[in-house]
Amino acid sequence: MEDDRYVFCPLVDEKIEDIDCIENRDVVDGMIVEESLPAKYKQKELWKDICKKCKWHDYY
């Protein structure tokens, strides 16, 4: 049985908790300040675009 609390995040190429996904999305959408996002999610060039294109971006 798969744990529904985890989703694959293309920003770090691994599964992360759904709440972390939601927080990342909120940063990308301007609802939370970018400085609150852990650096590991901002390592890739165009990380905001990657997040916006992710299938989970508008899921929750």
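Reader: Which residue in the hairpin of E1 and E2 takes a positive phi?

Author: This is a predicted model, so local features need pLDDT of at least 70 and side-chain atom pairs count only at pLDDT 80 or more, while totals for chains, interfaces and linings use all residues. Residues are numbered from 1 along each chain as its sequence is written, and side-chain values use heavy atoms, with hydrogens and water left out. The hairpin has 4 residues between its strands. The residue with the positive phi, near 55 degrees, is Asp 13.

Reader: How many bridges join E1 to E2, and which residue in E2 stands opposite Tyr 6?

Author: Strands are DSSP runs (E, at least two residues), as helices are (H or I, at least four), numbered from the N terminus. Two strands pair if DSSP finds at least two bridges between them. E1 and E2 run antiparallel, and the bridges between them number 4. Opposite Tyr 6, E2 places Glu 17.

Reader: What pattern does the chain follow along the sequence?

Author: The chain has 2 helices and 2 strands. Read along the sequence, they give β-β-α-α.

Reader: What is the radius of gyration of the chain, and why does it count as compact as a globular protein of that length?

Author: The radius is taken over C-alpha atoms, and the globule rule is 2.2 Å times the number of residues to the power 0.38. For 60 residues the rule gives 10 Å, and the chain comes close to that, so it is as compact as a globular protein of that length. The C-alpha atoms fill a box of roughly 35 × 20 × 20 Å along the principal axes. The radius of gyration is 11 Å.

Reader: What share of the residues is buried?

Author: Buried means under 20% relative accessible area, exposed over 50%, and partly exposed in between (1.4 Å probe, protein chains only). The chain has 60 residues. The buried share is 32%.

Reader: How many salt bridges are there?

Author: Side chains of opposite charge can pair when their charged atoms come close. A salt bridge needs a side-chain nitrogen of Lys or Arg within 4 Å of a carboxyl oxygen of Asp or Glu. One of them joins Arg 5 to Asp 3, with the closest N and O atoms 2.7 Å apart. The count is 4.

Reader: Which residue meets Asp 13 in a salt bridge?

Author: The N to O distance in this pair is 3.0 Å. The pair links distant parts of the chain, 31 residues apart: Asp 13 is in the loop between strand E1 and strand E2, and its partner is in the loop between helix H1 and helix H2.

Reader: Are Asp 26 and Arg 25 buried or exposed?

Author: Asp 26 and Arg 25 form a salt bridge, with the closest N and O atoms 3.4 Å apart. By contrast, Arg 5 is partly exposed at 46%, and Asp 3 is partly exposed at 30%. Asp 26 and Arg 25 are both buried.

Reader: Which cysteine sulfur is nearest to that of Cys 9?

Author: A disulfide needs two cysteine sulfur atoms within 2.5 Å, and the structure holds 0 of them. Cys 9 is in no disulfide, its nearest cysteine sulfur being 6.6 Å away. Cys 9 is buried at 6% relative accessibility. The nearest sulfur belongs to Cys 54.
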